[in-house]
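Here is a colleague's note for someone opening this entry for the first time. Please read it with the sequence and the model side by side.

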Amino acid sequence: MSGSNETWISARSGALGGEIRVPGDKSISHRAVMFAALADGMSTIRGFLEGEDTRATARAFEAMGVQIEQPSASERVVHGVGLHGLNAPAAAIDCGNAGTGMRLLTGILAGQAFDTTLTGDESLSRRPMRRVIEPLTRMGARIDAQDGGLPPLRVHGGRALAGIDYALPVASAQVKSALLLAGLYAKGETTVREPHPTRDYTERMLAAFGWPVAFSAGEARVSGGSQLRATAVVVPADFSSAAFFLVAASIVPGSDLLVREVGINPRRTGLLDALKRMGADITLERPRELGGEAVADLRVRHAKLRGIDVPVALVPDMIDEFPILFVAAAAAEGTTRVTGAAELRVKESDRIAVMARGLRTLGIAIEETPDGAVVEGGRFSGGDVGSAGDHRCAMSFAVAGLIADGDVRIGDCANVATSFPGFVELANGCGFRLK
Ligand code: S3P
């Protein structure tokens with residue numbers, strides 16, 4: 001999809017309001033399909049993200065012989081084949097735009113009896129895979145990549161894996177998860193230690209599927225030789241999708257918006273913390289549990305934002321939210337500094353470069369640093385910006401358009417469908433003027 005040419009125009013709006021629910025969590029949806037496919041018995045998934053990324057993961061398992069039904073939109077019934085029940089796919093598996101899909105699958109495929117090739121779109125084909133290849137190789141896997149450790153990957157089967165004790169050089173839930181998933185197939189214990197705690201969905205879902213797992217902030221441990229048991233998964237709304245609306249309603253005067261049933265796992269909500277430090281008016285209503293995850297309705301009202309130094313400790317908990325944080329910073333009064341976020345350069349795009357280029361076009365003073373940016377709050381002008389085919393950059397520029405003095409034209413927006421199908425309709429429903 002990247003490279004296809006959907007252009008959006010975002011115009012200045014009036015106050016935003018109403019109640020919305022954004023689509024299901026992407027991280028949880030990927031994992032739900034994977035675990036359900038590898039479990040014994042029939043699992044159900046409610047609230048599944050109907051995005052291109054997660055559908056690609058479902059197709060990958062169908063290609064390996066897993067029967068997946070779709071009784072209604074956002075619902076899946078997965079007929080699990082057991083840990084050793086996958087079959088060799090007839091062709092290469094296309095992971096689309098999804099880093100999570102490719103990295104977690106690599107861990108699973110390392111434990112299979114057959115060889116598989118994993119491919120991805122233009123963006124995914126530029127993303128670093130050595131971070132999973134290196135530790136998986138130490139476990140006994142054999143994985144061939146292109147020069148520089150890039151996809152396509154050839155994951156060889158029939159290898160005996162052994163557990164490892166591995167300290168991640170970079171905080172990454174994807175790498176942690178790939179190793180834990182390979183650990184299910186390995187002899188002995190696999191321990192993963194993180195420099196900063198990252199989202200713990202893999203650990204929590206292993207437990208929900210009945211696999212013994214020990215985990216605490218920054219450390220997780222599994223042993224091979226157990227069994228996943230089918231279960232019912234309920235997926236909360238994705239905090240990262242809600243994030244665009246939290247910032248939108250914060251910066252548009254008069255706004256009062258309710259975003260319902262949002263997952264508030266603390267490893268995801270760093271942006272809430274950052275926005276509150278900036279002066280945002282966001283309250284958590286009806287905090288409760290949904291399918292074992294904490295959720296709440298988030299009420300956000302317009303507030304005057306001020307620039308902050310984003311605490312480095314918050315970075316992993318808001319790693320997907322920097323494109324929209326940069327927009328909030330540009331709309332705030334004063335200076336915002338982001339450091340310790342070099343990972344942004346290897347996401348679906350180089351998110352520091354893409355956002356800096358676009359915001360500068362809109363008249364904002366923003367200086368790139370190797371691991372972050374310094375943003376001076378100001379006024380947005382209209383202008384033509386590129387999203388580099390990055391879903392989160394596209395939606396972030398759409399939010400900037402709400403308070404811009406002229407139309408903001410955003411190129412290459414088709415990839416929004418990877419994580420947020422229906423964004424334009426939902427946004428316009430609460431007051432955006434997006435075409
Ligand atoms: C994800 C982990 C994060 C995040 C990505 C989803 C996951 O990536 O940016 O959108 O589902 O595990 P990293 O592991 O590369 O930090």
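This is a predicted model: local features need pLDDT of at least 70, side-chain atom pairs count only at pLDDT 80 or more; totals for chains, interfaces and linings use all residues.

1. Residues are numbered from 1 along each chain as its sequence is written, and side-chain values use heavy atoms, with hydrogens and water left out.

2. The residues around the ligand include S27, R31, T100, R103, S172, A173, Q174 and R199, a residue being near when one of its heavy atoms lies within 4 Å of the molecule. I319, D320 and K347 are also among them.

3. Polar contacts (pairs of N or O atoms within 3.5 Å) can be followed atom by atom. An N or O atom in the side chain of R31 is 2.6 Å from a ligand oxygen, a polar side-chain atom of S172 lies 2.6 Å from an oxygen atom of the ligand, and a polar backbone atom of Q174 is 2.8 Å from a ligand oxygen. The protein buries 95% of the 390 Å² that the ligand exposes when taken alone (Shrake-Rupley method, 1.4 Å probe).

4. Helix 1 (26-38), helix 3 (99-109) and helix 5 (173-184) each give two or more residues to the shell around the ligand; helices here are DSSP runs (H or I) of at least four residues.

5. With a disulfide taken as a pair of cysteine sulfur atoms within 2.5 Å, the count is 0 disulfides. C393 is in none, since the nearest cysteine sulfur, that of C413, is 10 Å away.

Definitions and conventions. A polar contact is a pair of N or O atoms within 3.5 Å; within protein, one must be able to donate a hydrogen and the other to accept it, and residues adjacent in sequence count only if both atoms are side-chain atoms.
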